[in-house]
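Subject: Structure for you to look through

Hello,

Here is the structure I said I would pass on. Please open it and keep it beside you while you read my notes.

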Amino acid sequence: MTGMNENPLDLLPEVMLAASSVLGLLLGAWLPRSRQWLTGAMACAACAGGIVAAAIAAAGPVETAFGESFALDTLTATSRIVILGATLLVLALAMPRVYADPRETEFYVLLQLASAGALMMAGAQDLLLLAAGYLLASVPAYALAGFRKDGPGTEGALKFYVVGALLGVVMLTGITTLLAAGRVTSYPMLRTGLSEAPTGLVAAGTLALLAGVLFKAGGVPGHFWVPDAVQGSSAPVAAFLTTMPKIGALAAFYRLAVVPLPDADPQWADLVAVLSVASMTLGNLAAFFQQDVKRLLAYSTISQVGYLLLPVAVAGRTGLDQEALLYYLAAYALTNLGAFAVVCALPEAHALDDYRGLARAHPALMASLVVCLLGLVGTPPTAVFLGKLEAFSAAIDGGYAWLAVVAAVNTVASLFYYLRWIAPAFLAGRPGGDPGAMSRSAAVVAYGAATGSVVLGVLGGTVLDVLGGPLSR
């Protein structure tokens with residue numbers, strides 16, 4: 001850490017999202033229904049401005065803001081860019097769908113607030129700020145999950161809320177326990193306090209805290225909400241729920257592993273490794289025989305958490321962990337959103353068989369789907385391939401070669417259910433029962449995301465070089 005200040009401009013990306021959501025809510029109360037899209041345009045501008053601000057801040061020194069509670073380092077800067085870029089893609093998918101909807105403005109406001117919560121979790125360096133980010137990322141997401149007000153959406157939102165409320169209370173209990181053990185909530189000072197605290201108290205607090213973080217990441221044991229919430233919500237919301245909260249939560253998880261917890265006793269790296277195996281294995285097994293494409297992608301995202309936990313399990317033990325996690329997060333976000341963009345482009349196609357004939361009817365869209373699905377497996381030259389390679393290398397270098405082997409086996413197994421989606425597209429038939437039902441705006445997002453996944457994979461070496469900067473401590 002080279003400095004500390006309390007300049008609100010240090011939180012400019014977060015401030016821009018919050019200001020845009022508040023102004024959008026006020027503006028939406030006066031605009032006619034046909035012009036509510038202006039609030040969406042303002043949200044896009046806030047995301048674009050936040051990306052620019054985050055990129056500029058990334059070139060500055062590593063420091064903290066507001067009494068060391070918010071870190072300004074490579075982890076925060078990368079998470080900001082990825083979250084804001086992903087939010088921009090979700091807005092592009094959602095705007096044509098919610099145009100002139102009576103609650104169009106509310107949708108954009110909820111989306112921005114949930115994204116702001118993910119940003120706060122990624123940069124939080126204080127347990128209380130982490131809890132605030134958790135709540136800000138969760139409450140708007142509950143409303144988004146049930147935004148359509150239909151039966152499946154209401155059921156998914158209710159399960160999402162119940163699990164989130166339960167694990168939120170567990171997380172707050174863990175924070176209270178760690179405060180009792182370490183006497184402070186600031187990460188740098190908590191590290192010293194926990195190393196001297198009773199082992200049982202630290203273990204109980206850490207387990208409770210991580211349960212809440214894993215809920216936001218969608219990993220075991222906080223994964224129960226994912227399939228129903230994703231299947232019941234609209235495709236753009238499903239894309240959001242499986243991407244942005246995960247980035248903020250895993251960035252927060254990694255910071256906890258590196259800053260306050262590395263000296264805590266007992267060592268919990270083995271626990272993270274077990275949760276990694278459980279997430280990837282359960283997600284893959286459950287996805288094998290799914291017929292609904294959104295539910296398949298929901299279990300896919302649970303399995304991806306398992307792979308993303310590899311560098312977290314070896315945090316601080318190797319020089320590859322941070323860059324592996326950050327690169328994999330960016331690669332996953334781009335590739336996962338590309339797959340959901342294809343789902344958005346074919347609104348009438350819900351099951352795997354509904355994609356019959358896609359290769360003949362829409363060859364470019366089919367190519368995007370193949371790139372994104374095989375990319376999620378980890379097929380070169382997509383970005384997820386390099387992300388998984390880095391994650392496996394970090395696990396081996398950190399002394400968890402067995403974990404890399406299990407992850408490799410799960411990767412091969414995951415190919416089965418992705419091919420189950422791809423295969424019908426080459427058979428005769430009409431996609432979604434209607435060859436003219438393609439959404440062109442969503443298709444453009446799919447083309448861009450698939451291309452971006454390949455480009456990021458090709459330029460991976462250059463990108464990795466800038467992701468290994470120091471953390472604020």
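Below is what was found, from the whole chain down to single residues.

Please remember that this is a predicted model. Every value here was computed from it.

**The whole protein**

Start with the overall build. The protein has 20 helices and 3 strands. Along the principal axes, the C-alpha atoms fill a box of roughly 65 × 55 × 40 Å.

How much of the chain is buried? Of the 473 residues, 60% are buried. Take the contacts between residues at least 6 apart in sequence: 81% of them join residues at least 24 apart.

The accessible surface comes to about 16,600 Å². Carbon and sulfur atoms account for 69% of that surface. As for charge, there are 23 positive and 27 negative side chains. The centres of these two sets lie 11 Å apart.

**Cysteines**

How many disulfides are there? The count is 0. A disulfide is a covalent bond between the sulfur atoms of two cysteines. Look at C44 and C47 as a worked case. For C44, the nearest cysteine sulfur is that of C47, 6.6 Å away. The cut-off for a disulfide is 2.5 Å between the sulfur atoms. C44 is therefore in no disulfide, with that sulfur 6.6 Å away. C47 is in no disulfide either, and the nearest cysteine sulfur to it is that of C44. C47 is also buried, because its relative accessible area is 0% and buried means under 20%.

Most residues other than glycine have a negative phi, and most peptide bonds are trans.

- The peptide bond from V220 to P221 is cis, with omega near 10°. P221 sits in the loop between α8 (199-217) and α9 (226-232).
- P380 and P381 are joined by a cis peptide bond, with omega about 5°. P381 belongs to the loop between α16 (363-377) and α17 (383-397).
- A100 is not a glycine, yet its phi is positive, about 65°. A100 lies in the loop between α3 (74-98) and α4 (104-123). With 28% relative accessibility, A100 is partly exposed.
- K149 is not a glycine either, and its phi is positive, about 60°. K149 is in the loop between α5 (127-145) and α6 (151-182). K149 is exposed, at a relative accessible area of 63%.

The contacts listed leave out residues up to four places away in sequence.

Begin with A43, in helix α2 (residues 37-58). Is A43 buried or exposed? A43 is buried, with a relative accessible area of 0%. A43 touches S20, L91 and Q112. The C-alpha atoms of A43 and L88 are separated by 8.2 Å, and these residues are 45 apart along the chain.

F240 counts as buried, at 1% relative accessibility. Which residues does F240 touch? They are V90, L111, A114, S115, L144 and P245. F240 and A145 are 95 residues apart along the chain, and their C-alpha atoms are separated by 9.8 Å.

Then find N410, in helix α18 (residues 401-425). N410 has a relative accessible area of 8%, so it is buried. N410 touches M280, T281, N284 and Y307.

Finish at V458, in helix α19 (residues 440-458). Is V458 buried or exposed? V458 is exposed, because its relative accessible area is 58% and exposed means over 50%. The C-alpha atoms of V458 and T382 are separated by 7.4 Å, although the two residues are 76 apart along the chain.

Best wishes

Definitions and conventions
Residues are numbered from 1 along each chain as its sequence is written. This is a predicted model: local features need pLDDT of at least 70, side-chain atom pairs count only at pLDDT 80 or more; totals for chains, interfaces and linings use all residues. Side-chain values use heavy atoms; hydrogens and water are left out. Helices (H or I, at least four residues) and strands (E, at least two) are DSSP runs, numbered from the N terminus. Buried means under 20% relative accessible area, exposed over 50%, partly exposed in between (1.4 Å probe, protein chains only). Contact means heavy atoms within 4.5 Å. Accessible areas come from the Shrake-Rupley method with a 1.4 Å probe; for residues, only the protein chains shown count as cover. Lys and Arg count as positive and Asp and Glu as negative; His and the chain ends are not counted. The place of a charge is taken as NZ of Lys, CZ of Arg, CG of Asp or CD of Glu.
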